[in-house]
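Below is a walk through one protein model, taken helix by helix and then residue by residue. Please keep the sequence and the structure in view while reading.

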Amino acid sequence: VARIGTAQQAVLWQILAGLLKLGNVTFDNKEYVTGAGSKQNGSWPSDMTLVSEIASHLGMSADDLATGLTTVQIQPNKSKPPITSYKPPKTASNFRGALIRDIYNKIFDFIVQT
């Protein structure tokens, strides 16, 4: 028998609501200008109002959520700033799906172990 308190249940419902809505986020093409001045194609969420609502459920800012879904930062050397790579819409969509599955899996594991 799972022993999850009322406060924990409320948090889980908030997260689950955010994840369900996150599956509805779509991405448009966007052109970025890199620090070196070159242009790189990437993506950005089509509906930032939806992203803002989801971010509220997940306890984060809409810009952080949108950036996390559409970019990758790699820091090959700690003495240099990270390199930002921009995900095209299809890659951002695939990442969004993988993120949802991973968080669902962690929630399921938490419930089973409680």
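Two residues are said to be in contact, to meet or to touch when they have heavy atoms within 4.5 Å of each other. The model is predicted, so local features are given only at pLDDT of at least 70 and side-chain atom pairs only at pLDDT 80 or more, while totals for chains, interfaces and linings use all residues. Residues are numbered from 1 along each chain as its sequence is written, and side-chain values use heavy atoms, with hydrogens and water left out.

Helices and strands here are DSSP runs (H or I, at least four residues, for helices; E, at least two, for strands), numbered from the N terminus. Begin with helix α1, residues 6–22, and helix α2, residues 48–58, whose axes come within 8 Å and cross at roughly 155°. An axis is a line fitted to C-alpha atoms, for helices over the stretch in contact, and angles between N-to-C directions run from 0 to 180 degrees. Angles under 35 degrees count as roughly parallel, over 145 as roughly antiparallel, 65 to 115 as roughly perpendicular, and the rest as oblique. The helices α1 and α2 are therefore roughly antiparallel to each other. On the α1 side, Gln-14, Ile-15, Ala-17, Gly-18, Lys-21 and Leu-22 take part in the contact, and they meet Leu-50, Glu-53, Ile-54, Ser-56, His-57 and Leu-58 of α2. By class, this contact has six nonpolar, four polar and two charged residues. In that scheme Ala, Val, Leu, Ile, Met, Phe, Trp, Tyr, Cys and Pro are nonpolar, Asp, Glu, Lys and Arg are charged, and the others, Gly among them, are polar.

Helix α2 also packs against helix α3, residues 62–70; their axes come within 8 Å and cross at roughly 105°. That makes α2 and α3 roughly perpendicular to each other. In this contact Met-48, Val-51, Ser-52, Ile-54 and Ala-55 of α2 meet Ala-62, Asp-63, Leu-65 and Ala-66 of α3. The residues involved divide into seven nonpolar, one polar and one charged.

Gly-68, Leu-69 and Thr-70 in α3 meet Ala-92, Phe-95, Arg-96 and Leu-99 in α4.

Phe-95 lies in α4, which spans residues 89–113, and with a relative accessible area of 34% Phe-95 is partly exposed. Buried means under 20% relative accessible area, exposed over 50%, and partly exposed in between (1.4 Å probe, protein chains only). Leaving out residues up to four places away in sequence, Phe-95 touches Gly-68, Leu-69 and Lys-87. Arg-96, also in α4, counts as buried at 14% relative accessibility. With residues up to four places away again not counted, Arg-96 touches Leu-22, Gly-23, Val-25, Thr-26, Phe-27 and Leu-69. Arg-96 and Leu-69 are 27 residues apart in sequence, with their C-alpha atoms 6.4 Å apart in space.

The last stop is Thr-71, in strand β3, residues 71–74. Thr-71 counts as buried, at 15% relative accessibility. Apart from its neighbours within four places in sequence, Thr-71 is in contact with Thr-84, Ser-85, Tyr-86 and Lys-87. A polar atom of the Thr-71 side chain also lies 2.7 Å from the backbone oxygen of Thr-67.

How values were computed:
A polar contact is a pair of N or O atoms within 3.5 Å; within protein, one must be able to donate a hydrogen and the other to accept it, and residues adjacent in sequence count only if both atoms are side-chain atoms.
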